[in-house]
Amino acid sequence: LQALAETAGRELEGKTPVEILTWAFDTFGDGVAIASSMADSLVIHVASQIRENVPVVFLDTGFHFPETIGTRDAVAQTYPIKLLSITPVQSVPEQEAEFGKDLYLRDPDLCCAMRKVEPLNRGLEPFTAWVSGIRRDETASRKTIGVVEWDAKRGKVKINPFAAWTQDEVDQYMELNGVLVNPLASEGYTSIGCSTCTAKPVEGADARAGRWAGSAKTECGLHV
């Protein structure tokens, strides 16, 4: 699988998202799932035109904005997908009883590990490959991602079909094709995670500057 991922990463570089996703479905069939934060439904929109009933993994952390949950529900009703809403092992009250309130402020890495990383690992367990919507222009830590990679941490093939796209290309495509977008995007949120750790970035900052603002943390651990 690692050799397959590395070869595909080289051969599919420069291909369109449709070509990359078509390769993924042809190669893995029912063994591929999409992971979506429901900031938008770009990946889901394109994938559902190629293959119906694709599993979509959504991490219901217990801290989402109402708009994100609303987007999840709208996406599930609009596109021919199989939504898998994965919850953490502990509810928010159970986590607070064991670790105290506001763990996301005191130890955000631990909070992300329990409410995002472990649930994603569990949600992806049945699958050989997974699809994400991350792009190279989002942060410095993502500048070198491939369109197909080996996810050594999970032992799976990871597909990033929009890795080479810019925000302008994404915005143009979504507007032209009526792609469902989280309403918070129109309010200035350029990257949307848990409500406890997401703010509007200042003008000119990178797309994820509003995540864990004021701290050195830039990733939740799902991708980097």
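## A first look around the model

Leaving out residues up to four places away in sequence, threonine 68 touches Ser37, Met38, Phe58, Asn182 and Ile192, where contact means heavy atoms within 4.5 Å. Threonine 68 sits in helix 4; helices (H or I, at least four residues) and strands (E, at least two) are DSSP runs, numbered from the N terminus. With 1% relative accessibility, threonine 68 counts as buried. Buried means under 20% relative accessible area, exposed means over 50%, and partly exposed is in between (1.4 Å probe, protein chains only).

A quick word on the ground rules. This is a predicted model, so to speak of local features takes pLDDT of at least 70 and side-chain atom pairs count only at pLDDT 80 or more, while totals for chains, interfaces and linings use all residues. Residues are numbered from 1 along each chain as its sequence is written, and side-chain values use heavy atoms, with hydrogens and water left out.

Let's start with strand 6, which covers residues 156-159. Lys156 and Lys158 point one way from this strand, Val157 and Ile159 point the other way, and all are buried. Two strands count as paired if DSSP finds at least two bridges between them. Strand 4 (residues 129-131) pairs with strand 6 in the parallel sense, over three bridges, and there valine 131 stands opposite isoleucine 159. Strand 5 (residues 148-151) pairs with strand 6 too, but in the antiparallel sense and over four bridges. In that pairing, aspartate 151 is opposite lysine 156. Strands 5 and 6 make a hairpin with four residues between the strands, and glycine 155 in this hairpin takes a positive phi near 65 degrees.

### The nonpolar cores

In soluble globular proteins, nonpolar side chains tend to be buried together. A nonpolar core here is a set of buried Ala, Val, Leu, Ile, Met, Phe, Trp, Tyr and Cys residues joined through side-chain atoms within 4.5 Å. The largest one has 37 residues, and Trp23, Ile34, Ile44, Val148 and Ile159 have the most contacts inside it. Among the elements that give two or more residues to this core are helix 1 (2-11), strand 1 (32-35), helix 3 (42-50), strand 4, strand 6 and helix 8 (167-177). Helix 2 provides the largest share of this core, six residues.

Which residues does tryptophan 23 contact, leaving aside its neighbours within four places in sequence? They are Leu4, Ala8, Leu12, Phe28, Val148 and Ile159.

The structure holds five aromatic pairs. Rings of Phe, Tyr and Trp (its six-membered ring) pair if their centres lie within 6.5 Å; planes under 30 degrees apart count as stacked, over 60 as edge-to-face and the rest as tilted. Phenylalanine 65 and tyrosine 189 make an edge-to-face pair, 5.6 Å centre to centre with 65 degrees between the planes. Phenylalanine 65 is in the loop between strand 2 and helix 4 (66-78) and tyrosine 189 is in the segment after helix 8, so this pair ties together parts that are 124 residues apart in sequence. Phenylalanine 65 counts as buried at 11% relative accessibility, and tyrosine 189 is buried with a relative accessible area of 15%.

Phenylalanine 162 and tryptophan 165 also pair edge-to-face, at 4.8 Å centre to centre and 90 degrees between the planes. Both of these residues are buried, and ring pairs link Phe162, Trp165 and Tyr173 into a cluster.

### Salt bridges

Across the whole structure there are 10 salt bridges, each being a side-chain nitrogen of Lys or Arg within 4 Å of a carboxyl oxygen of Asp or Glu. Here are some of them.

| Residues | Closest N and O atoms |
|---|---|
| Arginine 136 and glutamate 13 | 2.8 Å |
| Lysine 101 and glutamate 96 | 3.6 Å |
| Glutamate 138 and arginine 142 | 2.7 Å |

Glutamate 13 is partly exposed, at 38% relative accessible area.

Is lysine 101 buried or exposed? Lysine 101 is exposed, with a relative accessible area of 56%, while glutamate 96 is partly exposed at 25%. Glutamate 138 counts as buried at 12% relative accessibility, and arginine 142 counts as buried at 3%. A network of salt bridges links Arg135, Asp137, Glu138 and Arg142.
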